[in-house]
Amino acid sequence: GGCASGIGSALANAAERPGCFPSVGARPAQRIAMISVEPATAAPLCYSFHHGRTVTPLPDPPDPNAYRPSWIDGCGGRSVLRPMWDLASDVLTDAWRVELEAAERALQVLVERNRIVAEGAGAVSVAAALYGPVRAEWKRVVAVVCGGCIDSDVLTKILHTDYAEDYLPQPGFSFTRPLEVVTVPRSPVPAPVAPVTRVLSAEEVRRLLPMGECIEATQRALIAFADGTGGMPLRQIVPLPFPTPEEDRPAFLATMPSYTVGADGGDVAACKAFSVYPQNSRTPELSSHQGVVLLWDKAGRGELLLLADAHEITKLRTAAASAVATRALLGGRCGDARTLAVLGTGDQARAHVDALAAVLPGLTALRIWGRDRDAAERTARDVRGRHPALPAAVCADVAAAVDGADVVCTCTAAEEPLLTAEHVRLLRPGCHVNAVGACTPRFHELAPEVFAASVRDGAAGRIITDSVAACLTEPGEVLAYLEAAGD
């Protein structure tokens with residue numbers, strides 16, 4: 001009752017002492033009815049007004065007046081403090097309570113007709129004005145709408161709920177007289193309401209999308225792409241020129257559209273729009289991938305549902321795809337893999353350790369290599385903090401990292417091959433290699449000899465890709481292998 005009592009005190013002074021408030025001027029003294037409104041599930045002030053004394057706390061269930069938590073958490077409660085009751089009973093005219101459905105309808109009115117987003121505590125006053133015992137002699141009714149702290153999921157659910165047009169609230173407490181229902185006609189054809197677009201920061205993406213769930217979601221997406229219940233056209237990449245030839249740095253703008261057709265993820269469309277500045281990997285304050293992931297309701301009217309940080313989703317999903325591929329191709333041998341080698345020291349390297357550790361339960365050794373030894377040491381320390389049971393060693397060169405490894409992940413922006421012919425003989429038979437860094441013809445992580453060794457006669461190797469069409473146009477290492485092979 002603090003907010004209502006505070007306003008009630010000001011109004012009582014304005015009415016009883018004309019001239020005290022310049023905005024009121026010298027109007028004749030008049031009594032202003034100040035009414036507190038609470039949700040019916042947490043209405044101790046209303047309950048106390050009904051009894052003419054403070055009642056603390058509210059009765060226990062199954063009493064219909066018992067306290068029940070709800071989405072309206074900014075007003076009401078279990079009890080009224082005695083000092084607050086002394087003030088409220090003096091400056092308030094009455095206290096009402098409204099049903100949750102009445103507050104939900106009021107919130108719809110605020111958003112649809114007034115373009116105001118309010119929390120539950122702000123909607124109950126409007127609900128009282130719409131459905132409460134408003135007297136005919138009251139010439140002006142003011143609903144105080146305060147607070148906009150409402151969970152976006154709760155708001156979206158309320159805005160998408162279709163309520164019956166003949167709704168009448170159940171009678172509630174009214175200290176001065178029985179409740180009279182006063183309805184306000186609603187528009188027979190409500191105007192379409194645009195859904196609330198949820199915006200997720202990198203931190204929120206990490207919280208809502210743990211690696212284990214991301215791996216399973218990525219597997220469903222890859223299956224949808226393979227069986228035709230999802231579509232993913234080739235990404236569009238635009239090289240960005242720099243003002244002078246000396247600045248021959250790789251930089252791109254890219255878009256990656258996709259959609260599902262009634263798959264597990266729903267009937268949605270998505271697009272990632274981002275910049276790629278690989279040189280940013282050398283500056284910890286900037287990501288090499290910066291942009292957003294957009295999600296639309298494809299089955300409805302194309303409403304934009306989500307806007308999320310692309311860097312964090314890219315980091316998680318790329319590593320998750322490697323985990324899905326590793327699990328699918330190694331199959332029952334996942335439990336036998338003991339050594340993981342990661343070439344790279346950026347976010348993708350760290351994310352790949354997290355993802356591969358989730359699908360290779362028998363890992364006992366992690367080897368990390370990077371062109372910058374200090375960066376490799378920082379990556380190793382970070383990984384040890386997240387996976388204390390997995391020993392992480394920094395290797396002096398690529399050969400030391402991949403020698404005898406069961407799984408190798410290349411996570412770099414290398415323009416010259418890192419894994420070359422001299423390393424092929426060091427790879428363990430049946431070694432699984434995840435190569436994720438070459439997204440344009442400029443980048444090469446694997447030499448043609450590595451591909452050739454994978455498919456040579458007598459070998460059990462295979463070259464697997466999520467998109468053949470993309471592999472024939474984008475990664476420089478694949479294009480170099482096909483050119484060398486004369487195919």
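Trainee: What share of the 487 residues in the protein is buried?

Mentor: In this predicted model, local features need pLDDT of at least 70 and side-chain atom pairs count only at pLDDT 80 or more, while totals for chains, interfaces and linings use all residues. Residues are numbered from 1 along each chain as its sequence is written, and side-chain values use heavy atoms, with hydrogens and water left out. A residue is called buried at under 20% relative accessible area, exposed at over 50% and partly exposed in between, with a 1.4 Å probe and protein chains only. On that scale, the buried share of the 487 residues is 42%.

Trainee: How many aromatic pairs does a search of the whole structure find?

Mentor: Rings of Phe, Tyr and Trp (its six-membered ring) pair if their centres lie within 6.5 Å, and planes under 30 degrees apart count as stacked, over 60 as edge-to-face and the rest as tilted. With this criterion, the number of aromatic pairs found in the whole structure is two.

Trainee: Why is the pair of F252 and F443 given its class, and which class is that?

Mentor: The ring centres of F252 and F443 are 6.3 Å apart and the planes stand at 70°. The pair links distant parts of the chain, 191 residues apart, with F252 in strand β6 and F443 in the loop between β14 and α14; strands are DSSP runs of E with at least two residues, helices are runs of H or I with at least four, and both are numbered from the N terminus. F252 is buried at a relative accessible area of 8%, and F443 is buried at 2%. Because of the 70° between its planes, the pair is edge-to-face.

Trainee: Which helices are tied together by the pair of F451 and Y481?

Mentor: The rings of F451 and Y481 have centres 5.3 Å apart and planes at 25°, so this pair is stacked. F451 is buried, with a relative accessible area of 8%, and Y481 also counts as buried, at 16%. The two residues are 30 positions apart in sequence, and the helices that hold them are α14 for F451 and α16 for Y481.

Trainee: Which residues does L360 touch, not counting those up to four places away in sequence?

Mentor: L360 belongs to the largest nonpolar core, of 36 residues, and is among those with the most contacts inside it; such a core is a set of buried Ala, Val, Leu, Ile, Met, Phe, Trp, Tyr and Cys residues joined through side-chain atoms within 4.5 Å. Taking a contact as heavy atoms within 4.5 Å, the residues touched by L360 are T326, L330, C334, A337 and V407.
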